[in-house]
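I opened this entry to keep track of what I looked up, going from aromatic rings to helix packing and then to backbone details.

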Amino acid sequence: MVKAYQLLGDINLKFHETDAKYNETTYRRELDLDTATVKVMYSIGEVKFTRQHFVSHPDQVMVSKFSGNKSGSLSFTVFLDSKMPHRASVNAQNQIVMEKTGDGIKFSAVLELRTSNGIGTISVLEDNKIKVEGCDSVVILLVAYSSFAGPFINPADSKKDPTIDCLNNLEHLKGYSYEQLYTRHLDDYHKLFHRVLINLSKSSTLTDSYVATSERVKSFKTDEDPSLVELLFQYGRYLLISCSRPGTQPANLQGIWNDKVYPPWDGAPHLNINLQMNYWHSLSCNLHECQEPLFDFIKNLSVNGSKTAKVNYEAKGWVAHQVSDIWAKTSPDRGEAVWALWPMGGAWLCTHLWEHYTYTMNKEFLAKIAYPLLEGCVLFLLDWLIEGQDKYLQTNPSTSPEHMFTAPNCQPASVSYSTTMDMSIIKEVFSAIVSAAQVLGKSEDDLIKKVVESQSKLYPTHIAKDGSIMEWAQDFVDPDVHHRHISHLFWLFPGHTITLKETPKLCKAAEVTLNKRGVEGPGWSTTWKVASWARLHNSEHAYQMIKHLFDLVDPENESKYEGGLYSNLFTAHPPFQIDANFGFSAALAEMLIQGNVTELYVLPALPRDKWRSGSVEGLKARGNVTVSISWSDGDLHKLSLWSDDGKSQSFTKTIHYKEMSIVATMVTRKVYTFDGKLKAIKTTSLLDSSKH
């Protein structure tokens, strides 16, 4: 049974302003992506109140500052509460302590208040509330920890004391003022967020705008404001920075923003698209450190997955199915075979290991982390494959995630053999480990020889009678041609087997497939289609899908699978899922740059009539190359490439733009700049790469 991802609790605030002249027109609430700070401003009478909130990763604290512009104007009562079983108390330091009770993982949250200039009073009420009166400003610090000690330790055996962890952290934070905490937060956040700048319009998304976000989304169908596209792109980067850092858990179905005791689908990591999509943009959008929790999670899956492989399939290596949890669950999920019977989740995740290497060219990562996990995955896949018709290696039983077909007896079914999704993932994993072995000097290992022998025997892709790519091994009738999953296009994106250069006929079939699936679908399906159309260099259809995403969704009146955006720019399934936010950033990056370790395609799917002039700085391309592009009147104006791995070495890139191509030989730690004709115009030393 999957364990749900659940919320901790609430900070409850009751303000004591008694002046009835509350001015609604002065109320403003904003999230500043440039500083990762929330601000609320409003006026009551002649007093202007401000609330500021940020969460500091380096100091593991949520910080809030409340202030009024009139001395002594700030008064409120605060307490902690939770929908989970808990107890609350106020200690001798006037800190509110909330602790989870009952079985399972324990958690604690401790709230501390600081007043400024010695003005005002703080008193403790009988019901574990704290009352603040007559202050100029107040800073609230909230820290929280759990007793979770890893997926292989029973909560009852954990030695972690979350209350002590909270109190120790607050004691440490006494050495920092609000200004110092804010500076440390900004320094940490800016090192990641400021790596990429994007401008698709004359205005910037990071400038002040007094138009409500909901109104901007509503009007997008008519004004097609490019700055809103910029905003959603950077929002996806901000969200990943906020929820996935080294040492944390990986981003799940709602990220860290679930507000329910029983979230939809348990808020669990789903391995048949959602978890993978959460990390699609981590590499291209220059946030490779944020992918580390995913790799830690894959390591844990490999431990449990080796047991599942042995017990369930009498196979070597390791396997993971569709749904997991904080305990690194790898066994099949409860429920019907159409979603529960899918042993390809771990294999799909392993493609991220090779992708990480191709972007970073980090050989130590490849040798110590990626390759051992790939080995275990491949051992399972080799055991899982069987020889079928025409001596092809096939998977049986096999499903295409969450999608039914009509069997020859006219009955609904979901289990067949060698679905396109199965075979495409296996082919990508086999290709990855063979390439990794070449880098690491392991090409003569028996395992690699067996993989190479098996590659040519894998069941091939077939084109259906209607010209689309077949989703199953047979051309079954599809009762839902507009199904949300486009699993049979894994070859195209995020895979690399189908390319315009190498497989033009399959690309044509992929285009037919996408048109057949149509526009409608949930948010994550929409962004997957954006990226897939981008891979086909089809800017018109990619942009059409972007427009489809910009539909305002009312959370009180939403229908199944309609997609769209909520007023806070969270993407809708519905209900809310975070994956499409992340997928959108990846898809937009795919429209601007594509390629492999040796090739780079510049502006391959730019909708030139919509974003006639613009620029992007700091995107990453494979081969550890950072890219900056500017274009004007729909044409490339300037392209800059550089690589900085701490040592000077030469490498080559074939650069493609429209019908032009050049082979450029470059040296790391130098910036190479080209004009709109791909003519080299400048080479400069990379003196300060820290901002990138």
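I began with the aromatic side chains of this predicted model, and I found that ring pairs link Tyr189, Phe193, Tyr235, Tyr238, Trp257, Phe570 and Phe576 into a cluster. For the structure as a whole I noted 33 aromatic pairs. I also looked up a ring with a charge over it, and recorded that the charged end of lysine 129 sits over phenylalanine 79, at 4.6 Å from the centre of the ring.

Next I turned to helix packing, taking H2 (residues 178–193) and H4 (residues 226–243), whose axes cross at roughly 130° and come within 10 Å. The crossing in which H2 passes H4 is right-handed. On the H2 side of the contact I listed Tyr189, Leu192 and Phe193, which meet Gln234, Arg237, Tyr238 and Ile241 of H4. The residues of this contact of H2 with H4 divide into five nonpolar, one polar and one charged. Going back to the ring cluster, I noted that Tyr189, Phe193 and Tyr238 are among its members, and that these residues also take part in the contact of H2 with H4.

How do the axes of H13 and H14 lie, and at what angle do these helices pack? I recorded an angle of about 150° between H13 (residues 504–517) and H14 (residues 523–535), with their axes 11 Å apart, and therefore wrote down H13 as roughly antiparallel to H14. H13 passes H14 in a left-handed crossing. Here Glu511, Leu514, Asn515 and Arg517 of H13 meet Lys529, Ser532 and Trp533 of H14, and the residues of this contact divide into two nonpolar, two polar and three charged.

Last, I went through the backbone and asked which peptide bonds to proline are cis. One of them runs from phenylalanine 493 to proline 494, with omega near 10°, and I placed proline 494 in the loop between helix H12 (446–455) and H13. Another cis peptide bond joins histidine 573 and proline 574, where omega is about -15°; proline 574 lies in the loop between helix H15 (539–549) and helix H16 (579–592). I also looked up glutamine 60, a residue other than glycine with a positive phi, near 50°, and located glutamine 60 in the loop between strand S4 (47–56) and strand S5 (61–68).

Conventions
Residues are numbered from 1 along each chain as its sequence is written. This is a predicted model: local features need pLDDT of at least 70, side-chain atom pairs count only at pLDDT 80 or more; totals for chains, interfaces and linings use all residues. Side-chain values use heavy atoms; hydrogens and water are left out. Rings of Phe, Tyr and Trp (its six-membered ring) pair if their centres lie within 6.5 Å; planes under 30 degrees apart count as stacked, over 60 as edge-to-face and the rest as tilted. A charge sits over a ring if NZ of Lys or CZ of Arg is within 6 Å of the ring centre and within 35 degrees of the ring normal. Axes are lines fitted to C-alpha atoms, for helices over the stretch in contact, and angles run from 0 to 180 degrees between N-to-C directions. Helices (H or I, at least four residues) and strands (E, at least two) are DSSP runs, numbered from the N terminus. A crossing is left-handed if the near helix is turned anticlockwise from the far one by less than a right angle, and right-handed if clockwise. Contact means heavy atoms within 4.5 Å. Ala, Val, Leu, Ile, Met, Phe, Trp, Tyr, Cys and Pro count as nonpolar, Asp, Glu, Lys and Arg as charged, and the others, Gly among them, as polar. Angles under 35 degrees count as roughly parallel, over 145 as roughly antiparallel, 65 to 115 as roughly perpendicular and the rest as oblique.
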